[in-house]
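Here is a short briefing for a first look. Please view the sequence and the structure, then read the points below.

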Amino acid sequence: MRARVLGGLTVGGLTDGGIGSRKARTLLAALLLARGAPVRIDRLAEMLWGNSPPERPTDQLGVLASRLRRVLGVDAVRRTGHGYATGLVPSDLIEFEARADDAQTRLAAGEVGAALSAARAALELANAGPLLGTDMGDWLVPERDALARRLAAVRLVVATGALAVGDPLAAVAAAEQALDHDPYDELALRALLRAHVAVGRPAAALAAFARFRARLADELGVDPAPETTQLHARILRGEERPTVGGVRSQTVIGRDAELAQLDRLLDSGAPARAVAVIGEPGVGKTALLDAFLAGLRGRAVVLAGRCDPIGRDLPLQPLLDGLDVLLRGLGRDRAAEILGADAMVIEPLLGAVHSNTAAVTVPAPADPGEALGRLFAALLRVAERAGSSPQGGPAVPVLIVVDDLHLAGPSTVEWLRFVARRSQRLRAVLATRSAGVALPDGTQRIELGPLDLAAAGRLVADRTGTPVDPDRLAQLWTRTGGNPLLLHALVTTPEQDAVPAGVSDVVERLLAAATLGSAAAATLRAAAVLGPQVDLDLLTGVLERNGSAVLDDLEAGVRARLLVERESGLEFGHELFREAVAASVSPSRRRLLHRQAATVLAARTRRDPLAIAWHAR
């Protein structure tokens, strides 16, 4: 009989009261975590009753054991000498530990891709929830702490592996989660610093180090380890180089027209000075930008940065990060020439010294608006000087590239609009998920849609190294809607019917977004369970909520680009997204939603027997 302990206690499909009383479940849980080894009666009594045991705990344990055997079979609880043991095994916990061990072993052996896959598979198991749910007593605290340590180690493998395979944003997220568990973990901190640098955010790396160093000093009275301080010094000197915002991919499939439109931005007679690439997660915005930048071949000076939630409150975060990276690639004299008289304003925000200007304290204006205006003007002058020739030759265009603009803080958006009004020399390429971002006036838009079937076939062949069977390609294209990220994830997932961990991660981030809200996330989960087409009346009846409120939630799903509006109505943009959202709902909740849907449909005047049967199956 299969037993599971992650997210709650389940045995053979039974949970909670179906297994037995709370004391019976605690007894079984304690034996499961012992992995078949006997647990002494006095220890079990302490777990069940703490400092207030019954008069005859041995007899009470015997009664609980007997009840468990009647429900789960004779192997569920066995009497062994001075204690009890179980013949059941916590299969999900054992599988998690095996995958975690495999991930660390493979990483140590240099098998980065395999280590990353094993670590993500382990995290997918752990995502079921906390060990044994939420209420099992103080005896479980050490077990949960041990599992949390294993989780942090697995996340560190993900951070290391993701950075090695060219996915530094995933590395940032995993390293931050590892630090959330242990804020003094210097291995996780170093992974985080390298990941920030890899996406062209050295300022974020330096800020993370400063927070960590202050925490150590305040709470432990120690300094970071030499290896950590040496890494910090290399970042300050510009010896740790970014891998994103430069070139990750030199070719992009199915985007020739879009690349041509971006190329025209640098023509002297180009009618627009800014182009925005707009598209859903995974559609290839960053890949398009990378391919465009790879083909510039010195035609422009590039100041490239990426927005992130952490840096949203930092003024001009992606722009200053991009300027910092640009200046690090130049000599001290050229960097000082570009900064010019604005070094006193700009350089303190870069986290490194690029010029020969002596430190000068510049009085800050009393009016915050005036201070921001001075900063805007200074950064504009610096960016324009970056395009001037050091030998007095003709100037070259300066290209401002900002990825993930939907995560930008207000100052970044306002500076881009400010530049569009004030500068004839700067060009901007912006990438965002949201069409609602306030773009500079006159910005051309590239609505980046999914790949067609032919381009999807070329992408799959490129990723797998072999042509794909037409029937298999049609199935892949239908499940992914032609989304390149989803196609890549699906063709590299061993189990053909599984939802890849990377897709689940993307969906979970979208569902957890603060802009979506918990109520809308719950509505979208219910909609995903009920089927590809969103039936507003059915969903309203199942959730027993006001139709207007449910529609508000669905419109939030459209803004988050999980849902799309088509002639037939609202539906999930990709079947794979719907599958991932539905998979995040517990089996018991899915069964309940289907039963409620069958009831609602059966009460309709015009019944659809097939739809009722599908939900009632």
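**A surface valine**

Val222 is partly exposed, at a relative accessible area of 39%; buried means under 20%, exposed over 50% and partly exposed in between (1.4 Å probe, protein chains only). This is a predicted model: local features need pLDDT of at least 70, side-chain atom pairs count only at pLDDT 80 or more, and totals for chains, interfaces and linings use all residues. Residues are numbered from 1 along each chain as its sequence is written, and side-chain values use heavy atoms, with hydrogens and water left out.

**Location of Val222**
- Val222 sits in the loop between α9 (202–219) and α10 (226–237).
- Helices are DSSP runs (H or I, at least four residues), numbered from the N terminus.

**Salt bridges**
- The whole structure holds 17 salt bridges, each a side-chain nitrogen of Lys or Arg within 4 Å of a carboxyl oxygen of Asp or Glu.
- Arg99 pairs with Glu95, with the closest N and O atoms 2.5 Å apart.
- Arg99 and Glu95 are 4 residues apart in helix α4 (residues 91–108), so about one helical turn separates them.
- Arg106 and Asp102 form a salt bridge at 3.0 Å, N to O.
- Arg106 and Asp102 also lie 4 residues apart in helix α4, about one helical turn.
- Arg190 and Glu227 meet in a salt bridge at 3.5 Å, N to O.
- This pair links distant parts of the chain, 37 residues apart: Arg190 is in helix α8 (residues 186–198) and Glu227 in helix α10.
- Arg190 is buried at 8% relative accessibility, whereas Glu227 is partly exposed at 44%.
- Salt bridges with shared partners join Arg306, Asp403 and Asp404 into one network.

Definitions and conventions. Helix = DSSP H or I, 4+ residues; strand = E, 2+ residues; numbered from the N terminus.
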